[in-house]
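Could you look over the following comments before we discuss the model together? They are set out as numbered points.

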Amino acid sequence: MTLPLLIEQMLNGLQSGVMLFLIASGLTLVLGIMNFVNLAHGSFYMIGAFTAVSLQLWTGSFVVAAVGACVCAAVAGLAVEYVCARRLYARSHLDQVLVTFGLIYLFNESMRLIFGPQPLASPIPPLLNGSVTLLPGLQYPLFRLTVIGVGLVVAAGMSFVVMRTRLGMLIRAGASDRGMIAVLGVNITWLYSLVFAFGAALAALAGLMSGPLYSVNVGMGENILIMALVVIVVGGIGSLKGAFYAAIVIGLIDTLGRLFLPSAIATIAIYIFMAGVLFVRPQGLFAASAPPQVEARDNGNRVTILWSLSKSRQRVTASVVGLCMIALALVPTLSAWLDDPFLLRLFLRIVIFALMVLSLDLVAGFGGLVSFGHAAFVGTGAYAVAILGWHLDHGEPLALGPIVLAGTHDALVAWPLAIASAAAMALAIGAIALRTSGLYFIMSTLAFAQMLFYLASTPSIYGGEDGLQISQRSTLPFIDLGNRPTLYYLALGLLALCLLLCWRLVNSRFGMIVQACRQNERRVRALGVRTYLYKLLLFVISGVIAGVAGVLLANAELLVSPADLSWTRSGSILIMAIFGGLGTLFGSVVGAGTYLMLEFSLSEWTQHWQIVFGPMLIVFVLLARRGLFGLVLGRGGST
Amino acid sequence: MTTTILEATGLIKRFGGLTATDDVTLAIRELTCHALIGPNGAGKTTLLSQLSGELRPTAGRIHFEGRDVTSADLGGRARLGILRSFQITSVCDDYSVFDNVVVAAQIREGHGFRFWQAPRGVRALADTTRSVLERTGLADFGDVPAGVLSHGQRRQLELAIALAMQPRVLLLDEPMAGMGPAEAERMIELLGSLRAEYTIVLVEHDMDAVFNLADTVSVLVGGRLVASGTPQEIRSNASVREAYLGHEQEDVA
Ligand SMILES: Nc1ncnc2c1ncn2[C@@H]1O[C@H](COP(=O)(O)OP(=O)(O)OP(=O)(O)O)[C@@H](O)[C@H]1O
Ligand SMILES: [Mg+2]
């Protein structure tokens, strides 16, 4: 390693750091001031990049393209604020997550419709082409230097505005205490719109500068968004200063890590760093003194607990559940009768996803712990099955430290191991994530899941991005899982069993305490309960169910891939949970069924189904708050 | 009757430059009602929070039944039997009144790592819960979600939750705050009935209630303990009149 190379890499790190800051700054302001989680913030980055490329190709001027891109994104930001965000400031973070998730679908699919699926190449503007000699032996591209310069100037400018002007004072006041700006008698609507549009323009600025460096493609927003989320979690929500330092540090870690660390670790270095920070400082490095008051608000979507229903309602509920289960049990017969194997395939998927949703409902609906990384646990279980099978097929023993396994397809060995891995993963992630709460919890679960996603995507014997094929279904004594209806009945049986166990669980002593924690953790702690342990155990139990789902998924698809761990998967599971109604248990079946059938019928109709589905999701969250199964349950415990 | 159950010695709590508790030494005797009074901002809540373990004192020690509990936190002291009610009511809004209390009753029984049996169905827990609800005047509201209770009922529920824990010491911060006269009357009656069975530390502004209920009254002014004695002694204590009662009359005038 020569010194010039090191300096060059550090400059690269700085450059990616300032880009991260441009995105994270808008995100953290919106979070700090409006208490609004905008997952679609990455879309402004994407919009900026696409607009800039097309304007540049059209007009030939980079300046016009740059200005156009920022204006365009700012307008998009204003529109999002006016149409959606505004209605959600007072709602739970979960609602915000879902609506902005729907926006991502909408924006991504629109871009795909307009620009096609191919990535676009963006030329470096001629004026900035070439490189400068910084030191003897160190040539550095002028464009990257410009990016660093622009980033630092913007950061300095923002710091000036925030520290020195009246507007900045309002912003600071808002970020540390939202009630305060209302007291100051400021027109908040106006301030909110301004901050939103400004944040969008900054993201677009980063996007347009990223064009010549990376590629311009649909989905570029999500990768950077998650890094930006890591930045603000590390820096402390609402803190611009925190966002700046965290962005630079994370840019450096990410860039230098790729140079010095083994590739598998390099891709997840920033997440390990985040875990370390959260472990020591659960509120991030530069958090505004008071933690945001978010815990109470995350209860908005819950419906009711089954026990608290009136007798007649209980009877209705039980009948609906019973009829649904009988109907599900008849699917293989129906499928055979109609000679439509696809029907069975779809319903097998529904049953497996219902298990995932049930697992999430347990933590989110009953524990109030909105996990945005639940696919990670499912994926862990699925990968475990696949990996054990791979080792048997290839005759290479799997060495886990001192333990050496030959690999197996035997369900009696593989499944418990897979479920235990999922539970262990839930324990590890939960142990750190549960030190935080509210928004930090949502984001850290998301980031940890993303870490596993990158780990699985790293090229390895396990297939990297392509995933891992499984040569055969697991073997059980007396039962042939190679037969799809048998697998279906087994899955349905496991689902019924898990539903029953969960129903007992949430009403048990343990469940009562966990639910009390969701409603008023301070109260429960004041009674002498070590709530952390309860929440952690709930998380692990949920991991077990997710593991069961993962095992079944691996057997149903005979392929595992990073997509099974992706955050879009986690998001879908969350959406299904909301569709069905959080805190209803059986809503998981309803939610998974509705979602997957909807997805299926929409995608039959158009390949751009997400452009329809996104807005549907938004409307659903804005209007129906209790989920579909919530309608069956009727008016629940709370008014 | 006169064993000391809870004792603070040389308690000091500073918030930056402000000394909210200024060298307070206090002994709470078992099965008595000990009232803390004083003007607004005198440091009553701060003192109570140190007794309950919510705030760590800057200096001084707290002993419970002879044991040093200064470093035990809120939960740790709750496990020992020191329970507080909050000045701002804090209950589980989605739970019914019954469930709020039954959870407390089960917590009192030990850890909750039991995953099958529903506490509502356990005879002993249900009985405890019912008798506590009876006692606190909430017997008719068992099925009502706590979130829809009136303010006064929520305070009663708060007390019921504490009682279900069968506490050794009850720390009550303004249990009558924000109640209508009728509700307050009922609460005073209830507290009166608890006096024989529980050790109570009561922070209260309502002087009638205090002089009615308390066996001992301590007066805090500016974080300092200026007097301590029976209600009669406090009533006739000249320095208290001057420092506190007189002060209050000025406020009113
Ligand atoms: N967390 C804190 N940080 C800084 N100062 C505090 C804090 N808590 C209380 N104080 C200050 O300590 C003093 C005592 O407050 P405390 O709430 O204990 O008074 P109080 O006697 O309970 O008043 P009230 O009758 O209004 O309830 C007040 O001046 C208050 O401003
Ligand atoms: Mg007070």
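The points below take up the interface and then the fold of chain B.

1. Please keep in mind throughout that this is a predicted model. In it, 32 residues of chain A are in contact with 38 residues of chain B, and the area buried between the two chains comes to about 3200 Å², with carbon and sulfur atoms giving 59% of that area.

2. As for polar interactions, 19 residue pairs are in polar contact between chain A and chain B, counting pairs with both residues at pLDDT 80 or more. The rule finds 4 salt bridges across this interface, and one of them joins the side chains of A:Arg522 and B:Glu54, with an N to O distance of 3.2 Å.

3. On the side of chain A that touches chain B, the elements giving two or more residues are helix 18 (484-507), helix 19 (509-526) and helix 20 (531-557). Helix 19 of chain A gives the most, with 14 residues, and the residues of this side of chain A divide into 14 nonpolar, 10 polar and 8 charged.

4. Within chain B, 4 strands form an open, antiparallel sheet in the order 2-1-4-5, whose edge strands, strand 2 (18-29) and strand 5 (67-68), each pair on one side only.

5. Inside that sheet, strand 1 (residues 4-15) and strand 4 (residues 59-64) of chain B run antiparallel and are joined by 5 bridges; B:Glu7, for instance, has B:His63 in strand 4 as its bridge partner.

6. Finally, helix 1 (residues 44-52) of chain B lies across strand 1, strand 2 and strand 4 of chain B, and runs at about 120° to strand 1.

How values were computed. Residues are numbered from 1 along each chain as its sequence is written. Chains are lettered from A and ligands numbered from 1 in the order in which they are written. This is a predicted model: local features need pLDDT of at least 70, side-chain atom pairs count only at pLDDT 80 or more; totals for chains, interfaces and linings use all residues. Side-chain values use heavy atoms; hydrogens and water are left out. Contact means heavy atoms within 4.5 Å. Buried area is the accessible area (1.4 Å probe) that two parts lose on being put together, summed over both. A polar contact is a pair of N or O atoms within 3.5 Å; within protein, one must be able to donate a hydrogen and the other to accept it, and residues adjacent in sequence count only if both atoms are side-chain atoms. Ala, Val, Leu, Ile, Met, Phe, Trp, Tyr, Cys and Pro count as nonpolar, Asp, Glu, Lys and Arg as charged, and the others, Gly among them, as polar. Two strands pair if DSSP finds at least two bridges between them. Axes are lines fitted to C-alpha atoms, for helices over the stretch in contact, and angles run from 0 to 180 degrees between N-to-C directions.
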